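Trainee: Could you take me closely through a single helix of this model, including what lies on either side of the helix?

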Amino acid sequence: MTNAVSGMAASIRAATDNETFDLAGHDASNINQTISDAFSQPFHLDRMIRVTFVTGAGKLARQKYDDKAMQTLTSALRKLDYVEDRGASCVNECGGCYKTQHDTGKNLFTVVVFPKLVQEGEDGGAGGASSSTPAEEYPMYFPLAEGTPEHIILVASEEVFAKNALGMCPSWSEKKMCTEVLKAAVETVEKMDAKLMSGTPLSDDENAFYDAVGGATSITTKSDCLKKLMQQQVEKGSLTRHEIDRLLAQVCEKIDSFDEDIDAALQKSQEKKASKLNTQKEKAEARKKMLEGHAAVVPHKLKHEPQILKLKKMLKPLLKLEASSKGRLLSVKETKQLTEMEEMQEQIEELEEASRGWFEDDENFRIRLEASRKRISTAVGGSAGKGSSSAGKKKAAPRSSASGAPTWVTPGGLASRQAARGKKATKKNSRSNGGSAFSAMMMDSDSDSD
C-alpha cells in the first residue's frame, strides 16, 4: 500500500508525529484520492498521532479552498469506516475517528483525523484479536462520547425518547438516519450477547456500553417508535421534494423486483407464491400512488434563521461601503466597520452550521440551507453578501444551545459511572454551552424518572 502512493498521501503515510496538511488548491477528486490512498490501511505506529487538514479559511483566503473541501474529506473518511467523534483525542482508543474544528484565532476550518493503527507491541505483528479496536469489531463505535447525539438517544429511557423524538428528528430523513444509528447499536449489543454466550468476558469499555444502552429490547422499542412516526409522516404527506423522490425510487425498485419474482414463480408453476407476490405488489403500487399524490412541503426553517436574518440586514450597508471603498483610502471608522463586517459573516457561517439537525445528512442540510438563504435574501431586499461557504461542510450535529436542544433524561447514576471510567474528554471539546446543556438534562433525570 505505502509503495503505491505518492505526493501528499505518501507524506501522510510516512508521518510519525502530529502533522498538518493544507488542502488549498486541491479539488474534490484530488482530495478523495488522497484520503483513500492515505487512510485505506491502518498505520504501523506504536502511538496515536493527529493528522490535521486545513479545509477552509476566512474571507481573505477563502478562495484558495474548494467550497466543499470539508464535505468531500469527511465523506471520503466515512467510506473508509471512520466515524465522527467530537470528543476524540490523541489516544490509541480513538483510532478511526475524526472531528471538525474552527480555529477562531487563525480563522481556519480544519478536520482532525486520528488514523487506525496496527498495534505492534508485545504480541508482535498485526492482525491479532488483541489489536482490534471497538470501531473495527462492532457496527457502532464506542466508548460513547458523553453529550453526543448517539450517547443521548441510547442512554435516554424509552419514555423520554418517545416524548422528544419529534423535536429531535423533525423530518422524515432525520428519523431514518436515527433508525440507522439505533440499528447499529442493536447489532453491537447482539454481538456482545453472542460473545458472552461463548464464555468470553467483555472488556471494561464493552461492559460500559452494554450497561448504558439498556439492552437490545430497549433500543428496538425506540426504533419502532421512530418507524411509527415515519409511517405517519408518509401517510400525511409531510415530506420534502427530496424525500418524496427518494421514497418513489425505493417503491419503484420494489415493484420491478416483484415483477421479476412473479414471472419466475409462474414459470415454475408456483401459483400460490405468485399470488402472494401479487398481493405485495398491489400494496407497493398503492404506496406509489399515495406518494405521487402528495404535494411536497417546504423544508423546515433553520433553527437560527431569525438571528441570521438580523445579521444579514446589518451587513447590507457594510457591503455597500466595501464596494465603494475600492481604490481609495479608508478612514479609521470605515476600517473598523469593514472589520466588523467580516466578523458578522463568520458569525453567520457558524449560526448556519449550528442549525444542522442531529441526524441530518449533508444533502438534506444543503437543501434547507439554500431555501433559508433564498428567504433571507428576499427579506433583506437584495444581496446581503455571498452565502456561507460552509454549507456543504460536514460538522458535528449541533449541541451548542440548551434552549434549542430536546430535553433528554438519562437513567440515574449513569453520569457518575461514566465519569469514573474517564469519559470527560467530550466536555473539553464541546462547542459553546453543550456541556452545560447536557448537565441540565442530567439534573432533571431524578424528577422525570419517578
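Mentor: The mean pLDDT of the protein (the predictor's confidence in each residue, from 0 to 100) is 80, and 79% of its residues reach 70 or more. This is a predicted model, in which local features need pLDDT of at least 70 and side-chain atom pairs count only at pLDDT 80 or more, while totals for chains, interfaces and linings use all residues. Residues are numbered from 1 along each chain as its sequence is written, and side-chain values use heavy atoms, with hydrogens and water left out.

The part to examine is helix H9, residues 216-236; helices here are DSSP runs (H or I, at least four residues), numbered from the N terminus. H9 has 21 residues and reaches 30 Å from its first C-alpha to its last, close to the 30 Å expected at 1.5 Å a residue, the expected span being 1.5 Å times one less than the number of residues.

Its buried residues (under 20% relative accessible area, 1.4 Å probe, protein chains only) are Ser218, Ile219, Lys222, Ser223, Leu226, Leu229, Met230, Gln233 and Val234. They cover an arc of only 160 degrees around the axis, which puts them on the same side of H9; the arc is that of the directions from the helix axis to the C-beta atoms. An α-helix has 3.6 residues a turn, so residues three or four places apart point the same way.

The buried residues of H9 pack against several helices, including H5 (149-155), H7 (172-197) and H10 (241-267). On the face turned away from the buried side, Thr217, Lys228 and Lys236 are exposed (over 50% relative accessible area). Just after H9, Gly237 takes a positive phi of about 80 degrees.

Methods:
Helices (H or I, at least four residues) and strands (E, at least two) are DSSP runs, numbered from the N terminus. Contact means heavy atoms within 4.5 Å.
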